[in-house]
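Please read it alongside the sequence and the coordinates.

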Amino acid sequence: MSGFQLSTQSAQRIVAEIGGIVGQNINMMDAQGYIIASTDPARIGFLHEGARQIIEERLPELYIRAEEATATARTGLNLPITHRGDIVGVIGITGEYGQVIGYGQVVKKMTEILIRESTEQDDKRLDLRMRSRFLENWVLAGGPVQGQALAERGLALGIDITIPRRVMVISAQELEHYTDNMAGQKLIENVENAVAAIVEAENGNIILRNAARQILLVRQRTDEQMRALALRLCKMARQTFGVYLCAGIDGEAGDVHKAYAQANTAWRSARMTRSGVMKYDQVTLELVADEVSRQTKMEFIRKVFRGCGYEEVRRWMGILEAYYESEGSISAAAQALYMHKNTLQYKLKKLCDITGRDVRLPSDSPVFYMAMLFFKEVEGSLLLLDD
């Protein structure tokens, strides 16, 4: 037995497609003979005696004449639907024999093709879910199945975990601008497909999608090669889709689970930089930020930017990002912000008046840097600042 069962959703889709082509009433019955889809919705749920007879006697076809018709089996041609050698249902075409016999076998074959395609799609989705669960267990959780058992399970799914790999976490900058609407989600899907096409072109590379990020497991390579790959992906997304990416690169931990943790930390830090790419070895204050609760981060921002609403804080964060990306160079930061350096100096003085701290002083600068890190984490909740 194939174990296949027609779903009502698939059956109704098939009935609608075929009914629209042949212009006749179509019924689809399951392996027990019950109507599960029909161009006449009133018939759904009833037992079809003709279908049950085909299934029980394994008939190649059954035509019910007008004088044989009943409330549960009307005039028409009924044909078994086979899948992988088993009868999985029956297709019924209402009408006189002369009307339906000419295309009865065609309808049967069309139905079986549609079922096969639907099954293949379901199988692919199941394979993807199994691969995703395996990768999540291996990469994210470092789960209970390890060692030889994990390796054997991976090979059964076409994944060789013994290949030395590096890890990169990559996503769009400012994800919330894309994930809250259908157009943005579609754009990100296109970007991810383009990233996958580049990465998976090399045999042995694997991609796991998790929480609007892509986790890239690539064959062993140097830091320079990892950075080159990250920059290539960022350039592709920017030039092709107008989307800026950020990428975090591991610190060559050896163990994939630890490498992922490093790459994820670097990715969180990369979201703060304009270059968009950061290696774990470059991460400093961000390690401290990971240990601070969300509520504490929000309170910290409130205290630093006392009296400021969300939009005002967001504008200051844009200036701070440019300042830190320019390593404290007023001229370079002003150029990045498309303003005169005297204008930037004036704004930084105003920031000092508001907060009581001067970002240009080494003793005060870390406060603003931490606030910038925290803001990226809690920005979506900071409307509370306006309460």
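**Strand β7 and residue I206**

I206 is buried, with a relative accessible area of 6%. The residue belongs to strand β7. The model is predicted, and every value below is computed from it.

- Beyond its neighbours within four places in sequence, I206 is in contact with R131, L135, I159, R165, I215, L216 and L217.

**Residue G33, in the loop between β1 and β2**

- G33 sits in the loop that runs between β1 (26-29) and β2 (35-38).
- G33 counts as buried because its relative accessibility is 0%.
- Leaving aside neighbours within four places in sequence, the contacts of G33 are F46, L47, H48, A51, R52 and I55.
- R219 is 186 residues from G33 in sequence, and the C-alpha to C-alpha distance between them is 53 Å.

**Residue A201, in the loop between α6 and β7**

- A201 is found in the loop between α6 (182-199) and β7 (206-210).
- With a relative accessibility of 66%, A201 counts as exposed.
- From A201 to K303 the separation is 102 residues in sequence and 49 Å in space, C-alpha to C-alpha.

**Packing of α10 and α14**

- The axes of helix α10 (residues 294-304) and helix α14 (residues 365-378) come within 9 Å and cross at roughly 130°.
- That angle makes α10 oblique to α14.
- The α10 and α14 crossing is left-handed.
- On the α10 side the contact is formed by R294, K297, M298, F300, I301 and V304, which meet V367, F368, M370, A371, F374, F375, E377 and V378 in α14.
- By residue class, the contact of α10 with α14 has eleven nonpolar residues, no polar ones and three charged ones.

**Packing of α11 and α13**

- Helix α11 (residues 310-325) packs with α13 at an angle of about 125°, and their axes are 12 Å apart.
- At this angle α11 is oblique to α13.
- The crossing of α11 and α13 is left-handed.
- E312, W316, I319, L320 and Y323 are the residues of α11 that meet α13, where the partners are L344, K347, L348, K350, L351 and I354.
- The residues of the contact of α11 with α13 comprise eight nonpolar, no polar and three charged.

**Cysteines**

- How many disulfides are there? The count comes to zero disulfides.
- C308 is in no disulfide either, and its nearest cysteine sulfur, that of C352, is 13 Å away.
- C308 is buried, and its relative accessible area is 6%.

Most residues other than glycine have a negative phi.

- R84 has its place in the loop between β4 (76-83) and β5 (86-94).
- The relative accessible area of R84 is 58%, so R84 is exposed.
- The loop between α12 (330-336) and α13 (341-355) holds Y338.
- Is Y338 buried or exposed? At 78% relative accessibility, Y338 counts as exposed.

Definitions and conventions:
Residues numbered from 1 in each chain as written. Predicted model: local features only at pLDDT ≥ 70, side-chain atom pairs only at ≥ 80, totals over all residues. Heavy atoms only, no water. Axes fitted to C-alpha atoms, helices over the stretch in contact; angles between N-to-C directions. Helix = DSSP H or I, 4+ residues; strand = E, 2+ residues; numbered from the N terminus. Parallel < 35°, antiparallel > 145°, perpendicular 65-115°, else oblique. Left-handed = near helix turned anticlockwise from the far one by under 90°. Contact = heavy atoms within 4.5 Å. Nonpolar A, V, L, I, M, F, W, Y, C, P; charged D, E, K, R; others polar. Disulfide = S-S within 2.5 Å. Buried < 20%, exposed > 50% of the residue type's maximum accessible area, 1.4 Å probe, protein only.
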